[in-house]
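Work through the exercises below with the sequence and the model at hand. Each task is followed by a stepwise solution.

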Amino acid sequence: MFYVWWLLFITAGQVGLHICSNLSPPIHSFFIYHHRVYMNMESLAVFNSSLSLYSPSHDHFIPKNLGPFRTTSLQPMHKMEVRCAAQAQSTETKSKEAKLWGGRFEESVTDAVERFTESISFDKALYKHDIMGSKAHASMLAKQGLITVNDRDSIHKGLSEIERLIESGKFEWRTDREDVHMNIEAALTDLIGEPAKKLHTARSRNDQVLTDFRLWIRDAIDAIGVKIKYLQFSLVKLAMENEGVIVPGYTHLQRAQPVLLQHLLLAFVEQLERDAGRLLDCRVRLNFCPLGACALAGTGLPIDRFMTSDALDFTAPMRNSIDAVSDRDFVMEFLSANAITAIHLSRLGEEWVLWASEEFGFVTPSDKVSTGSSIMPQKKNPDPMELVRGKSARVVGDLVTLLTLCKGLPLAYNRDLQEDKEPVFDSVKTILGMLEVSAEFAQNITFNRERIQKSLPAGHLDATTLADYLVKKGIPFRTSHDIVGRAVAVCVSKSCQLQDLSVDELKSIDPVFDKDVYEFLGVENSVKKFSSYGSTGSACVASQLDHWVTKLEINRGV
């Protein structure tokens with residue numbers, strides 16, 4: 001009840017701040033004083049209790065100087081002390097570097113705004129691509145006579161020095177310079193002087209950041225593709241090591257038909273191939289250059305966008321400058337491809353987590369890819385694949401973040417789009433980790449053939465093959481389905497398998513049965529009867545395996 005009254009008080013206080021501005025000074029001061037006390041005490045108590053929720057990468061949101069409030073447990077303070085502390089903070093002044101865009105501004109932004117709007121804490125990951133784009137842009141400006149050759153050379157040399165400093169850990173990233181672009185440009189100006197001021201000719205941060213981002217995602221796609229191929233390699237090697245092993249195939253998590261283990265493993269390889277294909281398709285569509293589109297309308301200066309596009313290995317410049325700076329569908333497509341990959345990996349993880357359980361016992365992970373329990377000494381958990389399953393939620397969430405971010409934005413650029421970077425960085429880091437640990441797990445598991453073999457009789461896995469036998473005898477499939485269903489019912493009543501029924505028992509169900517029926521019964525015979533393209537028949541699976549061994553250039557002798 002207290003919090004209800006408190007919320008009413010705060011709401012009334014916000015309205016009162018406006019109303020009392022026209023009251024006499026004593027009344028106005030009294031109101032402001034009490035409002036500040038309650039607002040500071042309550043909001044900072046909530047803030048302190050939630051500090052542990054922020055990851056280190058988000059500590060730029062934490063005020064650098066909380067004064068008397070910076071304490072692990074907020075203690076009650078005298079109201080006058082709170083007021084004085086607030087006044088001291090409001091009158092504190094700091095000398096700030098003038099913004100590169102600050103010509104029309106008379107005041108600096110507040111510390112809170114600076115902390116809230118900066119992106120250097122995460123977009124510095126784009127530094128290499130930002131420098132690549134700037135070098136290409138400077139070369140184009142020189143060729144077009146917009147800067148001198150000496151300016152170009154100074155810019156190139158300075159950018160190379162900045163890149164060296166960054167990679168050696170000696171570069172100072174400054175929050176007051178907002179983002180990776182302004183940090184590098186300001187540092188370049190400090191380093192080489194006037195020529196650096198010409199670099200931003202015919203360029204906006206709008207087209208600059210999208211150039212960087214497309215280059216970064218292009219490289220990320222290539223890196224993910226390598227990891228996908230390695231996981232495919234690991235699964236194919238695992239399949240090669242388990243030739244001839246039959247496992248129960250499931251639908252609805254109920255036993256369905258017998259399949260070769262190789263066939264099942266290659267199913268994941270096929271899924272991964274489509275994942276790689278989606279990423280390559282995305283790469284083709286994103287590989288167009290926005291540089292030179294400027295803020296949104298292009299420029300009247302004589303630039304050559306085709307030159308910068310070629311220099312950065314893009315297919316061509318983007319045709320429409322408004323589209324060039326407002327487009328994020330390449331990001332959504334990329335995150336969608338990652339999300340689908342994550343779902344496939346999650347399903348692989350679920351399969352192996354189930355199979356490693358005592359109830360299945362089909363798989364034993366080695367100690368290298370298992371963890372234990374802090375209380376139960378006997379436990380050996382397939383934690384890596386559980387986390388693969390769990391981390392898929394992050395990758396899906398990253399996609400949802402971008403979809404939601406972009407759904408209501410008007411053309412062209414909006415500052416909201418600054419928020420497109422972190423979901424992408426998180427998605428890439430997570431999917432690379434998932435692929436890597438899945439390959440590691442595949443290389444460190446053993447299939448328990450004896451346990452699998454003992455499990456095969458249960459579930460009447462050969463029932464569909466028996467229906468096929470009747471179809472080959474000229475019985476319509478629906479009739480065959482009914483006949484086999486009755487045969488299974490007999491088996492259930494006798495607690496036996498279909499192959500345990502005698503010919504006479506089968507004939508009592510339908511006279512079409514003959515002694516040749518036993519060539520279709522039992523899981524081994526059942527698997528041998530599969531012959532359609534892509535099926536689990538031995539010859540079909542051998543052909544699938546040959547395809548992947550050739551495609552992935554696997555040496556069978558290794």
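Glutamate 163 counts as buried, because its relative accessibility is 16% (buried means under 20% relative accessible area, exposed over 50%, partly exposed in between, with a 1.4 Å probe and protein chains only). The model is predicted: local features need pLDDT of at least 70, side-chain atom pairs count only at pLDDT 80 or more, and totals for chains, interfaces and linings use all residues. Residues are numbered from 1 along each chain as its sequence is written, and side-chain values use heavy atoms, with hydrogens and water left out.

**Exercise 1.** Find which side chain meets glutamate 163 in a salt bridge, a salt bridge being a side-chain nitrogen of Lys or Arg within 4 Å of a carboxyl oxygen of Asp or Glu.

Solution.
- Step 1: The partner is lysine 128, with an N to O distance of 2.9 Å.
- Step 2: Lysine 128 belongs to helix 6 (residues 127–143) and glutamate 163 to helix 7 (residues 149–167), so the pair ties together parts 35 residues apart in sequence. Helices are DSSP runs of H or I with at least four residues, numbered from the N terminus.
- Step 3: Lysine 128 has 31% relative accessibility and therefore counts as partly exposed.
- Step 4: A network of salt bridges links Lys128, Glu163 and Glu167.

**Exercise 2.** Locate the salt bridge partner of aspartate 151 and classify both residues by accessibility.

Solution.
- Step 1: Lysine 198 is the partner, and the closest N and O atoms are 2.7 Å apart.
- Step 2: Aspartate 151 is in helix 7, while lysine 198 is in the loop between helix 8 (180–192) and helix 9 (205–240), so the pair ties together parts 47 residues apart in sequence.
- Step 3: Aspartate 151, at 9% relative accessibility, counts as buried; lysine 198, at 33%, counts as partly exposed.

**Exercise 3.** Are arginine 214 and aspartate 327 buried or exposed, and what joins their side chains?

Solution.
- Step 1: Their side chains meet in a salt bridge of 2.5 Å, N to O.
- Step 2: Arginine 214 lies in helix 9 and aspartate 327 in the loop between helix 12 (321–326) and helix 13 (329–355), 113 residues apart.
- Step 3: Both arginine 214 and aspartate 327 are buried.
- Step 4: The whole structure has 26 salt bridges.

**Exercise 4.** Describe how helix 14 and helix 15 pack.

Solution.
- Step 1: Their axes are 9 Å apart, at an angle of about 155° (axes are lines fitted to C-alpha atoms, for helices over the stretch in contact, and angles run from 0 to 180 degrees between N-to-C directions).
- Step 2: Helix 14 is therefore roughly antiparallel to helix 15 (angles under 35 degrees count as roughly parallel, over 145 as roughly antiparallel, 65 to 115 as roughly perpendicular and the rest as oblique).
- Step 3: Leucine 411 is in the loop between helix 14 (383–406) and helix 15 (421–442).
- Step 4: Leucine 411 counts as exposed, because its relative accessibility is 70%.

Notes
Helices (H or I, at least four residues) and strands (E, at least two) are DSSP runs, numbered from the N terminus.
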